[in-house]
Amino acid sequence: MKPAKILFWLFFLSFFAPRLLFSQELLINHVNIITMEDDQVLEDHSIYVKDGIILEIAPEEEISVAGIRTLDGRGMYIFPGLAEFHAHLPNPDQYGPEFQQEVLWLYLANGVLRIRSMLGHESHLTLKKRVENGEIPGPRMFISGPSLNGNSVVDPDAGRQMVRDQKAAGYDHLKLHPGLDTPKFLAIADEAKKVGIYYGGHVSMDVGLVTSLTNGYRSVEHIDGYLEAMVTDKSKLDPTKSGPFNMLAVGDVDRDLLSGLIDLTLEAKAYVAPTMTLFERYFGFQPAYELRQQPEMFYLPGQLVTQWFNTKTQLESSGVLAEAKVKPYLEFRQWLFLELHKAGVPMIMSSDSPQVFNVPGFSIHREIESMSKAGMSNYEILKTGSINCADYFEQAGDWGVLKPGAAAEFVMVQKNPLEDLTTMQKPQAIMIGGKFIQRDELMLELNLIRQKYIRQ
């Protein structure tokens with residue numbers, strides 16, 4: 001059966017068998033399955049799911065379940081889906097609570113089935129519970145607490161109290177921002193270990209990468225701290241001269257120092273959230289007026305896009321984003337990313353969205369393109385959005401993989417993503433939270449959001 005015919009069949013079902021779409025029991029036959037347990041494809045298999053769990057994966061003739069409806073996925077591929085492990089869920093006072101749910105749809109419509117939100121708000125915990133209870137559609141969610149930084153943490157004891165409070169509130173993670181001195185950081189790290197909560201984020205200049213890693217950093221966001229650790233003359237790291245993220249100090253980097261930092265990262269069992277596309281777009285040399293006109297910008301409030309435009313144009317007017325200044329830094333980041341990856345440092349798929357010209361969901365596909373351009377294989381890219389994310393929270397086998405007993409969370413696409421990454425930009429269906437959602441419903445939600453924010 002040709003893909004076009006399958007799509008027609010799925011569209012037909014959306015009108016004549018609506019109960020199937022939200023069934024707790026479903027059998028999909030004749031589908032090609034990328035389990036992510038290895039880089040092989042199980043061709044022409046069936047997958048049987050019930051109550052949000054995969055019960056069986058086998059050749060079609062080996063699965064016999066009476067009394068349930070089935071789908072014919074002939075020619076299609078399914079895989080565990082993607083992740084945004086550096087998300088920033090909006091707060092309800094930012095464009096209203098409806099915008100929070102719209103952001104969740106933007107993720108789902110792009111095949112992003114799991115997010116780690118990295119700047120917490122109490123409303124995010126409520127949002128997570130609503131998703132888990134099936135009240136609203138959304139990806140699997142992990143929520144960090146409010147930022148721990150040089151301003152919010154007044155002293156070490158206050159840092160310890162913030163850790164205890166965030167753990168008690170039910171947050172999954174701590175997010176550290178710049179400005180922490182070493183005593184404050186060490187108090188936070190020590191208390192986090194005591195209460196049992198993950199922590200990571202930016203690397204404060206006073207603390208440094210080495211101290212962060214040796215004291216339990218779970219994730220290094222934006223590949224932060226590595227450049228600074230490879231600059232021996234610290235006077236070159238003057239933020240008034242070295243630009244955002246010290247990008248203008250790239251010429252002072254001693255690349256021979258990276259091997260020792262890699263060893264330290266591996267010993268610490270830390271993960272890296274690269275957010276490649278953030279730097280290529282926010283701090284890159286592509287003009288803000290070009291980015292503003294890209295199609296995905298029309299799924300966001302115009303005020304937010306204008307804010308992003310003004311933020312980037314201010315940097316452009318200062319001259320800091322000139323191509324001659326930025327290009328060496330972006331090339332360094334690609335090299336650094338690939339060297340860390342080749343050495344075995346685990347990467348988690350992340351783009352930092354919504355953030356300057358990074359639209360939720362859409363930016364993950366730009367991140368995938370950036371990782372591919374840097375030299376990562378398709379299979380390894382898929383791992384960053386599935387297996388690696390489950391490993392990060394020590395939940396390997398529970399989700400992010402397709403096998404009996406694991407969560408039934410997957411995306412259906414027309415082509416093999418191990419051969420064609422772009423096929424993931426157009427999910428034909430997703431399964432999340434026990435619900436099978438087809439492309440026509442995903443596109444309907446996207447169109448409703450676009451119509452809401454249409455520019456006059």
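How do the residues of the lining of the second largest pocket divide into nonpolar, polar and charged? They divide into 10 nonpolar, eight polar and six charged, where Ala, Val, Leu, Ile, Met, Phe, Trp, Tyr, Cys and Pro count as nonpolar, Asp, Glu, Lys and Arg as charged, and the others, Gly among them, as polar. The model is predicted, with local features requiring pLDDT of at least 70 and side-chain atom pairs pLDDT 80 or more, whereas totals for chains, interfaces and linings use all residues. Residues are numbered from 1 along each chain as its sequence is written, and side-chain values use heavy atoms, without hydrogens and water.

**View 1. The second largest pocket holds about 410 Å³ of space.** Among its 24 lining residues, V131, E132, E409, I432 and G433 lie nearest its centre. A pocket here is an open set of points on a 1 Å grid where a 1.4 Å probe fits, with protein on both sides within 12 Å along at least five of seven lines, and lining residues have an atom within 4 Å of a point.

**View 2. The largest pocket has a volume of about 530 Å³.** Of the 27 residues lining this pocket, H88, Q94, L119, P354 and Q355 are the closest to its centre. Helix 13 (residues 302-318) gives the largest share of the lining, four residues, helices being DSSP runs of H or I with at least four residues, numbered from the N terminus.

**View 3. Helix 3 (residues 97-109) meets helix 4 (residues 122-132).** Q100, Q101 and L104 in helix 3 contact S123, H124, L127, R130 and V131 in helix 4, contact meaning heavy atoms within 4.5 Å.

Key:
Axes are lines fitted to C-alpha atoms, for helices over the stretch in contact, and angles run from 0 to 180 degrees between N-to-C directions. Helices (H or I, at least four residues) and strands (E, at least two) are DSSP runs, numbered from the N terminus. Grid points are joined across faces, edges and corners, and a volume is the space filled by probe spheres set on the points.
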